[in-house]
Amino acid sequence: MTLKIAFIGTGYISKIHARAAQKLEDVELTAVVNHRPESMAAFAAEFTIPRQYATIEALLQDGDVDAIVIGTPNYLHAPQTIAALDAGVHVMVEKPMAMDAAEAETMLEASRSSGALLMVAHCWRFDSEVLWLLEQVKAGRLGKIIRTKGYSVHVHWGPAGWFTQKRYAGGGALADMGIHALDTARFLLGDPRPVSVYARIGTYYKEFEVDDTGVIIVNWDNGATSTIESGWWQPHADGPEAATQLYGTVGFGQIFPTYLEFSDVEHVAWERIDPGFPPVRDPHCQQSMYDAQMTYFVECIRSDQTPRPGGLEGWINMRVVDAAYESARTGRVVKL
Ligand SMILES: NC(=O)c1ccc[n+]([C@@H]2O[C@H](COP(=O)([O-])OP(=O)(O)OC[C@H]3O[C@@H](n4cnc5c(N)ncnc54)[C@H](O)[C@@H]3O)[C@@H](O)[C@H]2O)c1
C-alpha cells in the first residue's frame, strides 16, 4: 500500500528528507506545510508535491496522510508532533526532539496513548561507519568499554537566525551539535541510562543568547563514562564535524577515520582492523545516512514496530542536555 508522507518545514533538513523519501518505492510525497508560501511552493515544485498547507492543523484536518517528517525550528517540534500523533499520524521529528525533557516526555506520552509511531531523527545511528563500530563492540572485540570521547562541532562557522535564539532553539551548540555526539556514544554503549552529568558550558565566540562551547561528562548505569564536546565557531576539531572514540579493556575503536585496535587479555599482542572506509570523510553529513534513516522509518510504519531511536531515546538525550545546562549553571554534578 502506498504510504503518504508530508514534510513540515521546507528548509535545509527537509530537503534532505524529501530526497531520501523520493528514492523509496510505494511512498508518495503527498503534502508540505510552511507558513511562507514562496518557500513552500518552491519545495513542492522541486519534489513534485501536490498539496500545500500553511499550518499543520489544516493538513491534519484535510487528512489522507500517513506520516509526517518535522524539520522546523525546535520550539515547534512538540506541538506539531503531538497534533499529528493525536490525529493518528506517524511522526519522524528532527533532533533535538524538543525544547527540554518535560516537552519530550509529553511527546512520548502522546505516542503511547495514540498508538501512532514516534521516531526521533538521531541520524548517526544510520551511518555505515558507526554501524561497523557497533558490530565490533557487539562482537566483544574491545572488551568492556570503560570510557568514550566524542565531539560534534562546527569549525570556523556556526548557524545564524533562530538557532541562536533561546525561545526558538531551547539551547545552543549543545542542543544542536553536542546531542549528536551524545546519542552516538549512547548508541555505541548499548543505550545505557545516564546516572550523573557534569558540564562546563558557555558563550565565547559570538554575541549569542545560547551556548557556543561545551564540555560534558556523563556517567552511565553500565559503569562507562562519556566526555562530549559541543561547539560552534570552534578554532579546531580533531577530524570531521563529529567523531567518537571508544576505550575498552582490550581495545580501542573510533569513527572517523574508522578503525579498531585490540589485543589479547594480557595487552601484549595488538592487532588492527581497518574496514576500508574512505580515509577522508565528507566534512558534513552524507545523504546516504539520511536515506537509511528514512528507509527505517518507513519499515517501522509498515511493520508496526516501535522505532529506535524513538521517543524514549530522544527523551533520555533531552534529560542529559537539561542536566548539563543545570550543571553548568550551578557548578554541581546533577544526579539523574
Ligand atoms: N540531523 C541533522 O543532521 C540536522 C541537520 C540540520 C538541521 N537539523 C534539525 O532540523 C531542524 C530544522 O533545521 P534546518 O537547518 O532545516 O532549519 P531551517 O531554518 O533551514 O528550516 C526550518 C524550516 O521551518 C519552517 N518553519 C518555520 N516555522 C514554521 C511553521 N510554523 N510551520 C511550518 N514550517 C515552519 C521555515 O520556514 C523553514 O522552512 C532543527 O531542529 C535542526 O536541529 C538536523
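Student: How many helices and strands does the secondary structure of the chain come to?

Tutor: This is a predicted model, in which local features need pLDDT of at least 70, side-chain atom pairs count only at pLDDT 80 or more, and totals for chains, interfaces and linings use all residues. Residues are numbered from 1 along each chain as its sequence is written, and side-chain values use heavy atoms, without hydrogens and water. Helices (H or I, at least four residues) and strands (E, at least two) are DSSP runs, numbered from the N terminus. The chain has 10 helices and 15 strands.

Student: Why is the chain as compact as a globular protein of that length?

Tutor: The radius of gyration is taken over C-alpha atoms, and the globule rule is 2.2 Å times the number of residues to the power 0.38. For 336 residues the rule gives 20 Å, so the chain is as compact as such a protein, its own radius of gyration being close to that at 20 Å.

Student: What percentage of the 336 residues count as buried?

Tutor: Buried means under 20% relative accessible area, exposed over 50%, and partly exposed in between (1.4 Å probe, protein chains only). By this criterion, the buried share of the 336 residues is 56%.

Student: Which residues have the most contacts inside the largest nonpolar core?

Tutor: A nonpolar core is a set of buried Ala, Val, Leu, Ile, Met, Phe, Trp, Tyr and Cys residues joined through side-chain atoms within 4.5 Å. A second, separate core of five residues includes M177, F208, V210 and W232. The largest core has 103 residues, and those with the most contacts inside it are I5, F7, L59, I68 and M97.
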